[in-house]
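Reader: Could we go through this model together? I would like to begin with the charged side chains.

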Amino acid sequence: MLRAIEPGPAVVVCSTCRLSADQREDAEGQRGGALLAQAMRSLQQADPALSAVAVQETACLFACQQHCTVHLRASGKIGYVLGRFTPTEEAARAILEYATLHAQSAEGVVPYGQWPEGVKGQFIARTPPEGFVCA
């Protein structure tokens with residue numbers, strides 16, 4: 001069930017996520033999560049500043065009611081689950097910009113004033129790193 005990947009800062013995209021609350025996939029049969037991951041990779045190719053964080057795909061993050069869900073993680077840092085995205089370039093950019101700030105932070109905390117507009121209101125859960133709890 002588990003597959004080893006390279007360690008480091010990452011946005012883990014639920015590749016099986018629905019396209020939206022009302023729609024499972026687009027007209028070509030692609031799921032929203034897969035489209036979001038594709039949009040992120042396209043942005044990274046066009047903008048190397050967004051390439052410091054890996055884009056990884058996983059099957060089902062168990063946040064099915066939220067559609068287009070991602071998990072931001074980095075070793076020793078607070079992680080976050082975000083969702084309810086539309087798989088667009090704008091959403092992909094906001095996620096990657098936030099993930100880059102998250103990776104650069106000491107503990108995974110990005111001051112609210114630095115958050116890209118596109119991630120505000122999208123947070124679902126905060127996950128403490130192994131060996132820690134949030135104070």
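Reader: Which residue does Glu-25 meet in a salt bridge?

Author: The side chain of Glu-25 pairs with that of Arg-31, with an N to O distance of 3.9 Å. A salt bridge here is a side-chain nitrogen of Lys or Arg within 4 Å of a carboxyl oxygen of Asp or Glu. This is a predicted model, in which local features need pLDDT of at least 70 and side-chain atom pairs count only at pLDDT 80 or more, while totals for chains, interfaces and linings use all residues. Residues are numbered from 1 along each chain as its sequence is written, and side-chain values use heavy atoms, with hydrogens and water left out.

Reader: Is Glu-25 buried, exposed or partly exposed?

Author: Glu-25 is partly exposed, at 32% relative accessibility. Buried means under 20% relative accessible area, exposed over 50%, and partly exposed in between, with a 1.4 Å probe and protein chains only.

Reader: How many salt bridges are there in the whole structure?

Author: The search finds 4 salt bridges. Another of them joins Glu-57 and Arg-41, whose closest N and O atoms are 2.6 Å apart. Glu-57 belongs to strand β2 (residues 54–58) and Arg-41 to helix α1 (residues 32–46), so the pair ties together parts that are 16 residues apart in sequence. Helices (H or I, at least four residues) and strands (E, at least two) are DSSP runs, numbered from the N terminus.

Reader: And how accessible are Glu-57 and Arg-41?

Author: Glu-57 is partly exposed at 31%, and Arg-41 is partly exposed at 32%.

Reader: What about Lys-120, which residue does its side chain meet?

Author: Lys-120 forms a salt bridge with Glu-117, at 3.4 Å from N to O. Lys-120 is partly exposed, with 25% relative accessibility, whereas Glu-117 is exposed, with 60%.

Reader: Changing topic: what is the pattern along the sequence?

Author: The protein chain reads β-α-β-β-β-α-β, which comes to 2 helices and 5 strands.

Reader: What is its radius of gyration?

Author: The protein chain has a radius of gyration of 14 Å, which agrees with the value near 14 Å for a compact globule with 135 residues. The radius is taken over C-alpha atoms, and the globule rule is 2.2 Å times the number of residues to the power 0.38. The C-alpha trace spans about 45 × 30 × 30 Å along its principal axes, and 41% of the 135 residues count as buried.

Reader: What share of the contacts comes from residues 24 or more positions apart?

Author: They account for 65% of the contacts with a separation of 6 or more. Contact means heavy atoms within 4.5 Å.

Reader: Let us turn to the loops. Where does His-67 lie?

Author: His-67 is in the loop between β2 and β3 (70–73), and at 12% relative accessibility His-67 is buried. Setting aside neighbours within four places in sequence, the contacts of His-67 include Cys-17, Arg-18 and Leu-19, as well as Gly-83, Arg-84 and Phe-85.

Reader: And where is Thr-88?

Author: Thr-88 lies in the loop between β4 (79–82) and α2 (89–104). At 27% relative accessibility, Thr-88 is partly exposed.

Reader: Which residues does Thr-88 touch?

Author: Not counting residues up to four places away in sequence, Thr-88 touches Leu-36 and Ala-39. The C-alpha atom of Thr-88 is separated by 14 Å from that of Gln-44, 44 residues apart along the chain.
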